[in-house]
Amino acid sequence: MSSQNLTFNSSEKLKSRKLIQSLFESGQSLKKYPILIRFQKIETELNSVGVSVSKRNFKSAVDRIRIKRQLREAYRLNKHKIYNRTDSRFAIMIIFIGRKHLPSETIHEQVAHLLQNIE
RNA sequence: GCUGCAGGUCGCCUUAUCGCUGUCCCGGAUUCGGGAGAGAGGAAAGUCCGGACACCAUAGCACAACAUAGCGGGUAACGCCCGUCAUUCUAUUUAGUUUUUCUAAAUAGGAGCGGACCAGUGCAACAGAAAGCAAGUACAGUUCGGCUGUAGUGAAAUCGGUAAACUCUAUGUGGUGAAAUGUUAUGUAAACCAAGGCUUGAGGGUUGUGCGCCCAAUCUUGGAGGGUAAACAGAUUGAGGUUUUUGGAAACAAAAAUCCUAGAUAAAUGAUAAGGCGUUUGAUGAAUUUCAAACGACAGAAUCCGGCUUACAGACCUGCUUUUUAU
């Protein structure tokens, strides 16, 4: 089951435009620099997760892609913190609000901390 | 060996574990599980030219506007590429000159906004009366007309220069851009679309202008929107790559053999660990010897091709060149 293993494939990705819109309009948010997450309870089997990096802070496409990969990896390795703790499922958008590159270790720590506090 | 220039090739590697996106095979037969194999670039970038493809009379016609500009060739096409002539720059050699300078010729390497001033309009430092259509110095001639010649200024005085001046000539250019466009499924109404009929053509739309064209209201018939930015096609086999042969001075073309090499869509191609490779720094030392640390250029496909431009640590190859050593 993809909810238990260390996977993050397309069935768990946030793709619906409507859901993203409602997430930004009425979702809750948690912040721990340099990460901001917005989340909302949804009635599905799996979480629905997206990542985002502002073009304003990182002009180069290479930089943005690198950070998005770090964020996805951080979710993949830490998603058990949600699945093991609660039966609720969430739509989550992980947003990078920093202005420079950070080591993956730091990003993973911050994302793990935020996922721990979602409810 | 070293210095510099030009052109070309490459542009981190290996293993393990955990993942991501397609493809194929097996089991299941909707979801799913297992296995095999594939998965960013020379610029994928800028979006500056040229095409393929698709749709749209808001697409047509005329003027305007814009682009290109020796000659020959290549190409699907080009503003690109190859060759060549003239021009111009640099270097060397030779000749002329007492020498520097300068001039001429030859050789080598580069550069580029290279059509036309026998249509019209404009512009021109200094000198000069005057750089074009007005004025005018001296002398001489004279058909007595500022008509002709000489002198004088200047590169140039009705002889010309200038089109990186307007302009003219030749050739070319419609717009939009894969979120194009097509197909399929479900299917309430007055909103949307298509076809047809009737009336009015006011007002509006288009690229600057004119013509043309389109849009409106009402009736009839048929189909539809949302859910759903859905799914599939377009979409990756192509002006394709590699090798050989032939033709050609080259760009390039032809033939044969062989290969299939990303296809995502809130957008895959990654993360971690260990080792190696390279660069830099520090220590060590007879020795890039040994050790340690840091770093790994520019940059991420998005319909697809051909170019151009710009960015780029480092490595290698070829040619020319500077200097040194040996023979």
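Trainee: What covers the buried residues of H4 in this predicted model?

Mentor: The cover includes strand E1 (28–32), strand E2 (35–42), H2, helix H3 (80–83) and strand E4 (89–96).

Trainee: Which residues of H4 are the buried ones?

Mentor: They are Ile107, His108, Gln110, Val111, Ala112, Leu114 and Leu115.

Trainee: Why is Gln110 called buried?

Mentor: Gln110 has a relative accessible area of 15%. Buried means under 20%, so Gln110 is buried.

Trainee: What is Gln110 in contact with, leaving aside its neighbours within four places in sequence?

Mentor: Gln110, whose place is in helix H4, is in contact with Lys32, Tyr33, Pro34 and Ile35. A contact here needs heavy atoms within 4.5 Å.

Trainee: How do you know that the span of helix H4 agrees with its number of residues?

Mentor: Helix H4 (residues 104–116) has 13 residues, which at 1.5 Å a residue should span 18 Å. The expected span uses one less than the number of residues. The end C-alpha atoms of H4 are 18 Å apart, so the two values agree.

Trainee: What makes Glu73 and Arg76 a salt bridge?

Mentor: Their side chains meet at 2.7 Å, N to O. The cut-off is within 4 Å, between a side-chain nitrogen of Lys or Arg and a carboxyl oxygen of Asp or Glu. The pair therefore counts as a salt bridge. A search of the whole structure finds one.

Trainee: Where do Glu73 and Arg76 lie along their helix?

Mentor: They are three residues apart in helix H2 (residues 61–78), which means about one helical turn separates them. An α-helix has 3.6 residues a turn, so residues three or four places apart point the same way.

Trainee: Why are Glu73 and Arg76 called partly exposed?

Mentor: Partly exposed lies between the buried limit, under 20%, and the exposed limit, over 50%. Glu73 has a relative accessible area of 30% and Arg76 has 23%, so both are partly exposed.

Trainee: How do you know that the radius of gyration of chain A agrees with a compact globule?

Mentor: With 119 residues, a compact globule would have a radius of gyration near 14 Å. Chain A has 13 Å, so it agrees. Along its principal axes, the C-alpha trace spans about 35 × 30 × 25 Å.

Trainee: What pattern does chain A follow along the sequence?

Mentor: Chain A has four helices and four strands, in the pattern α-β-β-β-α-α-β-α. Among its contacts with a separation of 6 or more, 77% join residues 24 or more positions apart. Buried residues make up 43% of the 119.

Technical notes:
Residues are numbered from 1 along each chain as its sequence is written. Chains are lettered from A and ligands numbered from 1 in the order in which they are written. This is a predicted model: local features need pLDDT of at least 70, side-chain atom pairs count only at pLDDT 80 or more; totals for chains, interfaces and linings use all residues. Side-chain values use heavy atoms; hydrogens and water are left out. Helices (H or I, at least four residues) and strands (E, at least two) are DSSP runs, numbered from the N terminus. Buried means under 20% relative accessible area, exposed over 50%, partly exposed in between (1.4 Å probe, protein chains only). The radius of gyration is taken over C-alpha atoms; the globule rule is 2.2 Å times the number of residues to the power 0.38.
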